[in-house]
Amino acid sequence: MCESERVPKQVDHEQRRRQIAEAVWRIACTRGLEDVSLRQVAAEAGVSMRLVQYYFGTRDNLLLLSLRLLNDAAERRAEERVRATTDPSDLRAVLRAVIAEMLPLDEDRRITTLVHLAYFVRSLNDERLSVLFRDAPPALEELMATLIRQAQERGEVPDRVDPRREADLLMTMVDGLQSGMLLGRRTAGETMELLDHQLDRIFTLPSGAQD
């Protein structure tokens, strides 16, 4: 037996988990999650059901961990895109990029949005997922509020603006913009025009304040 035959094949466990999680995402996008089974996910991923059980255990754990993997992947893409496309000193541009990352402006973001919606629908009747949605730290709201607060300290946002309330309103706006795009009611261009209009409202100082 040659040396290569004696060496066991190395398995990239993270890649295998990702492969299975992506199968869950594809099912979520096209069929929802109400009737998802380990067998269906295994067939979609092209692996055995035993392998799915090995990496994720139960169906509930598979759904929960697949959501976390999706969120991790989306967060990494967002960080990379913000770093690559915005000037860190331009707080309005950074805030705009953060919000744009939550909108279905390309296929990756469209898939992420659809999967999150499928999980949200399921969470209405699933206590474990409900807790995950309800009790998740408001990290995005905190980030947006911090950016608005920093802009306020630099004199780019009026003192009357409440950074946390504006951040909450922006998150609520995101929900509506997502739905409008997915339903085809608004184009990507129209969506970004609405976002810019809202950001102009926050960042516009009273007449003469910038003199």
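Modeller: What follows is a set of questions and answers on a predicted model.

Biologist: Why is Leu-124 called exposed?

Modeller: Its relative accessible area is 58%, and exposed means over 50%, so Leu-124 is exposed. Leu-124 lies in the loop between helix H7 (107–123) and helix H8 (127–134). Together with Phe-120, Val-121 and Phe-133, Leu-124 forms a nonpolar patch on the surface, with about 380 Å² of accessible area.

Biologist: Why does Arg-122 count as buried?

Modeller: Arg-122 has 10% relative accessibility. Arg-122 is in helix H7 and touches Leu-33, Glu-34, Arg-59, Leu-63 and Leu-129, leaving aside residues up to four places away in sequence.

Biologist: Is Arg-134 buried or exposed, and how do you know that?

Modeller: Arg-134 has 51% relative accessibility; the cut-off for exposed is over 50%, so Arg-134 counts as exposed. Arg-134 is in helix H8.

Biologist: What makes the pair Arg-31 and Glu-44 a salt bridge?

Modeller: The closest N and O atoms of Arg-31 and Glu-44 are 3.8 Å apart. A salt bridge needs a side-chain nitrogen of Lys or Arg within 4 Å of a carboxyl oxygen of Asp or Glu, so the pair Arg-31 and Glu-44 qualifies. The pair links distant parts of the chain, with Arg-31 in helix H2 (residues 13–31) and Glu-44 in helix H3 (residues 38–45), 13 residues apart.

Biologist: Why is Glu-44 called partly exposed?

Modeller: Glu-44 has a relative accessible area of 31%. Partly exposed is the range between buried, under 20%, and exposed, over 50%, so Glu-44 is partly exposed. Arg-31, at 54%, counts as exposed.

Biologist: What makes Glu-166 and Arg-201 a salt bridge, and which helices hold them?

Modeller: The closest N and O atoms of Glu-166 and Arg-201 are 2.6 Å apart, and the limit is within 4 Å. Glu-166 lies in helix H10 (residues 163–182) and Arg-201 in helix H11 (residues 188–203), so the pair ties together parts that are 35 residues apart in sequence. Glu-166 is buried, with a relative accessible area of 10%, whereas Arg-201 is partly exposed, at 39%.

Biologist: How many cavities of 30 Å³ or more does a search of the whole structure find?

Modeller: The search finds 1, and the largest cavity has a volume of about 40 Å³. Its lining is made by Asp-60, Leu-63, Leu-64, Asp-126, Arg-128 and Leu-129. Helix H5 (59–85) gives the most to that lining, with 3 residues.

Technical notes:
Residues numbered from 1 in each chain as written. Predicted model: local features only at pLDDT ≥ 70, side-chain atom pairs only at ≥ 80, totals over all residues. Heavy atoms only, no water. Patch = residues over 30% accessible without salt bridge, like charges linked within 9 Å, V, L, I, M, F, W, Y side chains within 5 Å. Areas by Shrake-Rupley, 256 points an atom, 1.4 Å probe, with all protein chains shown as cover. Helix = DSSP H or I, 4+ residues; strand = E, 2+ residues; numbered from the N terminus. Buried < 20%, exposed > 50% of the residue type's maximum accessible area, 1.4 Å probe, protein only. Contact = heavy atoms within 4.5 Å. 1 Å grid on protein atoms, 1.4 Å probe; cavity = no way out; pocket = protein on both sides within 12 Å on 5 of 7 lines; lining within 4 Å. Points joined across faces, edges and corners; volume = space filled by probe spheres on them.
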